[in-house]
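Work through the exercises below with the sequence and the model side by side. Each task is followed by a stepwise solution.

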Amino acid sequence: MTRGRFVSFEGIEGSGKTTQITRLADRWRADGVPLLITREPGGTRLGESMRRVLLDAQTMDLTPEAELLLFYASRSQNIEEKIRPALERGDTVICDRFFDASFAYQGYGRGLDLSVIERLTDLVCRDFRPELTVLLDIDPATGLERARRRNRSRAREEGRFESEDLDFYERVRDGYLDLARRDPDRIRVVPALGAVEDVEARVHSVLAAHAHQP
Ligand code: TYD
């Protein structure tokens, strides 16, 4: 049985997930909360090597099915090597994306059958799910503009998804919102526009409200 708290963050490119995760982690660490911060794809040696393949703009001709399976291979390793042991120790886990990203990107975005993704999720995650998912919501035009500006300045190599067109991101965003409507107790939508501090305050109140639920 797991004991720690398991929270994931989701949102399209440029929604500010990583910034918000860093701020939350700083606050929880200052409060003395033992933490594991992890990300998908990635989080383990194997996962990080899959991340390079999945995000590298040079990776051409990956089929949607191969893409889906690589994300789940990375997730399986991350659960067994990192997340489950951390939760069993009683640590709090913050995950930068989890299975909702596969439904949003590979399901709604690429058009893969959602029921197939559900079966893969059952296989890989079993009953394992975040107790709370913060969905940072932003319109794709604004999000992509932010993400592309950031990547130009950092010369990141991780451009494969960012070269998708706006229609793809509209489907992903609508997909996330649909997932949130279907699972409103777990997935909380937080508008990601405005100052970083304002978004941080919204995230904080969502987490606080959740912690006080019976
Ligand atoms: P991420 O590292 O969060 O990128 P960013 O910080 O720029 O938002 O995510 C990497 C990319 O992988 C992102 O485009 C979403 C995609 N992705 C999927 O398509 N399916 C998945 O299951 C996951 C975890 C990520």
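**Exercise 1. Find the volume of the second largest pocket and describe its lining.**

Step 1. The second largest pocket holds about 260 Å³ of space. A pocket is found on a 1 Å grid over the protein atoms alone: an open set of points where a 1.4 Å probe fits, with protein on both sides within 12 Å along at least five of seven lines. Grid points are joined across faces, edges and corners, and the volume is the space filled by probe spheres set on them.

Step 2. List the lining, meaning residues with an atom within 4 Å of a point. There are 16 such residues, and F99, F103, E118, R129 and R186 lie nearest the pocket centre.

Step 3. Assign elements. α4, α5 (114–125) and α7 (166–182) each supply at least two lining residues. The most, five residues, come from α5. Helices are DSSP runs of H or I, at least four residues; strands are runs of E, at least two; both are numbered from the N terminus.

Step 4. Sort by class. The lining has seven nonpolar, one polar and eight charged residues. Ala, Val, Leu, Ile, Met, Phe, Trp, Tyr, Cys and Pro count as nonpolar, Asp, Glu, Lys and Arg as charged, and the others, Gly among them, as polar.

The model is predicted: local features need pLDDT of at least 70, side-chain atom pairs count only at pLDDT 80 or more, and totals for chains, interfaces and linings use all residues. Residues are numbered from 1 along each chain as its sequence is written, and side-chain values use heavy atoms, without hydrogens and water.

**Exercise 2. Why is the F6 and F98 pair edge-to-face?**

Step 1. The structure holds ten aromatic pairs. Phe, Tyr and Trp (six-membered ring) pair if their ring centres lie within 6.5 Å; planes under 30 degrees apart are stacked, over 60 edge-to-face, the rest tilted.

Step 2. The centres of F6 and F98 are 5.2 Å apart and the planes stand at 80°, so the pair is edge-to-face.

Step 3. F6 is in strand β1 (residues 6–10) and F98 in the loop between β3 (92–96) and α4, so the pair ties together parts 92 residues apart in sequence.
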